[in-house]
Amino acid sequence: MNFNDPLFGIVVTGLAYMAGLAVNRKWPAIHPLLVAAGGIIVFLAATGIPYEAYKVGGDWIEVLLGPATIALGVPFYKNMRRLRHSLAPLLASVSAGTAAGMASAACLVWALGGDRTLVPAMMAKSVTTPIAMDIARMLGGKPELAAVFAVITGLFGSVCGPAFLKLCGVRDDVSVAAAVGTAAHGIGTGRLVRESELRGSVSGLAMTIAGIAGSLFAAVLALIGG
């Protein structure tokens with residue numbers, strides 16, 4: 001088998017995600033992406049297949065992230081009439097949350113003595129992966145590292161976010177979805193879409209606002225730094 005063939009990476013990814021969905025149906029607390037990502041890592045390590053060979057097909061899947069992100073706007077369109085009065089509060093709160101997330105990430109790296117090259121990647125962690133990679137590149141960081149941080153953030157927010165918000169007494173659908181969409185972007189939104197169309201639409205909108213706000217904040221920082 002030619003491991004450098006794009007079809008190899010695509011098939012491995014598809015099978016791993018199908019396995020993740022099967023595990024999630026039996027144990028809903030386990031996120032399918034955790035199973036898929038972990039399974040792929042174990043498979044590559046056990047077989048000795050280089051990551052670069054798998055990445056050839058993975059890059060093809062990465063191209064689909066953009067259209068998949070845009071497709072999350074469909075639930076919002078269906079619920080647009082119900083949400084039009086919440087647009088201004090959502091715009092303000094999500095923008096503030098995005099700014100706070102970027103600032104706190106930079107402060108965390110600084111407080112822990114991290115390398116300065118980690119700062120751009122960490123600052124971009126709470127926006128959807130394609131935008132996170134562009135933000136990191138804009139700020140002089142490593143896009144690949146930003147993608148890793150974004151996926152980890154999304155997984156953590158998707159798995160723990162709703163439960164943490166419930167523990168804090170936040171149960172309103174719009175509030176929960178806005179928080180998850182802002183902090184856990186596409187992965188968190190993907191979970192909420194399966195649970196509720198309303199939550200999915202709000203989370204998708206919050207994710208979009210966070211991506212736009214994060215890009216604008218990064219552009220300002222790049223101009224200041226440049």
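Modeller: The discussion below takes the terms in turn.

Modeller: This is a predicted model, in which local features need pLDDT of at least 70 and side-chain atom pairs count only at pLDDT 80 or more, while totals for chains, interfaces and linings use all residues. Residues are numbered from 1 along each chain as its sequence is written, and side-chain values use heavy atoms, with hydrogens and water left out.

Colleague: How do you know what confidence the chain carries?

Modeller: The pLDDT is the predictor's confidence in each residue, from 0 to 100. Its mean over the chain is 84, and 96% of the residues reach 70 or more. Confidence is lowest in helix 4 (residues 65-71), with a mean of 70, and highest in helix 7, with 90. The helices (H or I, at least four residues) are DSSP runs, numbered from the N terminus.

Colleague: Why is T98 called buried?

Modeller: Buried means under 20% relative accessible area, exposed over 50%, and partly exposed in between (1.4 Å probe, protein chains only). T98 has 6% relative accessibility, and therefore counts as buried. This residue belongs to helix 7. Setting aside residues up to four places away in sequence, T98 touches T182, A210, A213, G214 and F217, where contact means heavy atoms within 4.5 Å.

Colleague: What makes V74 partly exposed, and what makes L223 exposed?

Modeller: V74 stands at 46% relative accessibility, so the term is partly exposed. L223 stands at 70%, so this residue counts as exposed. V74 is part of helix 5 (residues 73-78), whereas L223 is part of helix 12. In sequence V74 and S201 are 127 residues apart, yet their C-alpha atoms are 7.5 Å apart in space. For L223 and G113, the separation is 110 residues in sequence and 25 Å in space, C-alpha to C-alpha.

Colleague: Why is R199 called buried?

Modeller: The relative accessible area of R199 is 17%, and therefore the residue is buried. R199 is located in helix 12. Leaving out residues up to four places away in sequence, R199 touches R171, D173, V176, A177 and L192.

Colleague: Which term applies to H185, buried or exposed, and what is stated of its phi?

Modeller: With a relative accessible area of 2%, H185 is buried. This residue of helix 11 has a positive phi of about 35° although it is not a glycine.

Colleague: What makes a set of residues a nonpolar core?

Modeller: A nonpolar core is a set of buried Ala, Val, Leu, Ile, Met, Phe, Trp, Tyr and Cys residues joined through side-chain atoms within 4.5 Å. The largest one here has 17 residues, and those with the most contacts inside it are L83, L90, V94, V180, V202 and L205. At least two residues of this core come from each of helix 7 (87-111), helix 11 (173-195) and helix 12 (197-225). Apart from neighbours within four places in sequence, V202 is in contact with L83, L90, V174, A177 and A178. A second, separate core has nine residues, including V12, A16, I40 and Y54.

Colleague: Why are the buried residues of helix 1 placed on the same side?

Modeller: Those residues are F8, G9, V12, T13, A16, G20 and N24. They cover an arc of only 130° around the axis, so they lie on the same side of helix 1; the arc is that of the directions from the helix axis to the C-beta atoms. They pack against helix 2 (32-47) and helix 3 (51-63). L7, L15, M18, R25 and K26 are exposed on the other side of helix 1.

Colleague: What makes the two parts of the chain domains?

Modeller: The bounds come from an automatic or database domain assignment, which gives domain 1 (6-63) and domain 2 (71-225). Their centres, taken over C-alpha atoms, are separated by 24 Å. The contact takes six residues from domain 1 and six residues from domain 2.
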